[in-house]
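Q: How should I read the pockets and the sheet here?

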Amino acid sequence: MIQFLDLKAPYQELKTEIDEAISRVIQSGWFIGGAEVDQFEEDFAAYCGANHAVGVANGLDALHLSLRALGVGAGDEVIVPSNTYIATWLAVSQCGAKPVPVEPDARTYNIDPARIEAAITSRTKVILPVHLYGQPANMDPILEIAGRSGVKVLEDAAQAHGARYKGKRLGAHGDVVAWSFYPGKNLGAMGDGGAVTTNDPQIADRIRVLRNYGSRVKYVNEVQGFNSRLDPLQAAILRVKLAYLDEWNLRRRAVAAQYQNGLSKCGLGLPYVPDWAEPAWHLYVVQHPQRDVLIRQMSEAGIGTMIHYPIPPHLQQAYSSEGYARGDFPLAEEIAGKFLSLPVSPHLLSHDVETVIDKLLRVG
């Protein structure tokens, strides 16, 4: 059996360091905020090349609080990809604003900058590109459009820890960047966790207040805030893993290269990487017109796969009130119907990758 993702393997590799970090927190008696969170925020900001990092409870909160800090509220509009995990849309809706979907570039699957400007209205407050599957979106034209239109840019980098755009790590290209530390991410906690990075001290300050009940002084509440704080136990674990993130991403890159070489002639649609992008390879996603048949064949061979994501947000019941119909966003629907994620992780052995390739060559 080749699992899609083995979540025990990172712990097994770093068991001694992680156990020491957990013990350190338990013995400190400090379980909300404190030195572990402060130090992780400092380390993560430095890693991302940002001036500030603010830890929060999860990736959805990172998006939601970032939008709030940018002043998004009822009646506003936010440009979002038509193909993304629904959290990107939910964060907008939680602010009382409207997600405005834009179709992807057919090669990269990231939001197409050429389609963004036509979607901007007088109500548009933010453009929210997603660095989908760990590949950077094309930020320069997005930032140019935002500057020309007078709107802000919030990046959803939940899948892109360590990815680079034109040689620079993601973390401070736009006004603010939202991160998830869900266990399966490249930098994953042992539970939920998230963060925001930014070069803007005012945005960082607003998020620090919003995450803590709207308070910076105990029992003094400046605004109606939320309870969204990164747990010190998770911060301590993330500090350990952060030191290995670049090495683990290199291993992911090696797995992706092995797939690219081994599957080049099997008829699958393989990922396209622009010359300005250095993906984090959170996911290795291929396309096949009979995707569901292929999934069954792979499962019968003992190989785990996943679909990211089987239902695009505009067709989810959660957004039925928007009145979208099948065919409104055909590229997003095509991706949902044809795309398949293969196993990729820093702990996937080369001979296991070859097993996956061999099976795909025989059935593809």
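A: A pocket is an open set of points on a 1 Å grid over the protein atoms alone, where a 1.4 Å probe fits and protein lies on both sides within 12 Å along at least five of seven lines; lining residues have an atom within 4 Å of a point. Points join across faces, edges and corners, and the volume is the space filled by probe spheres set on them. The model is predicted, with local features needing pLDDT of at least 70, side-chain atom pairs 80 or more, and totals for chains, interfaces and linings using all residues. Numbering starts from 1 along each chain, and side-chain values use heavy atoms, without hydrogens or water.

Q: What volume does the second largest pocket have?
A: About 410 Å³. Its lining has 20 residues, with Arg208, Arg211, Asn212, Ser215 and Arg229 closest to the centre.

Q: Which residues lie nearest the centre of the largest pocket?
A: Tyr85, Ser180, Tyr182, Lys185 and Tyr309, out of 34 lining residues. This pocket holds about 720 Å³ of space.

Q: In what order do the strands of the open sheet run?
A: Strands pair through backbone hydrogen bonds, either parallel or antiparallel. Here strands are DSSP runs (E, at least two residues), numbered from the N terminus, and two pair if DSSP finds at least two bridges between them. The seven strands follow the order E1-E9-E8-E5-E4-E2-E3, with mixed pairing. E1 (52-56) and E3 (98-102) are at the edges with a single partner each, so one side of each lacks a neighbour in the sheet. E8 pairs antiparallel with E9 (194-198) over four bridges; serine 180 has glycine 194 of E9 as its bridge partner.
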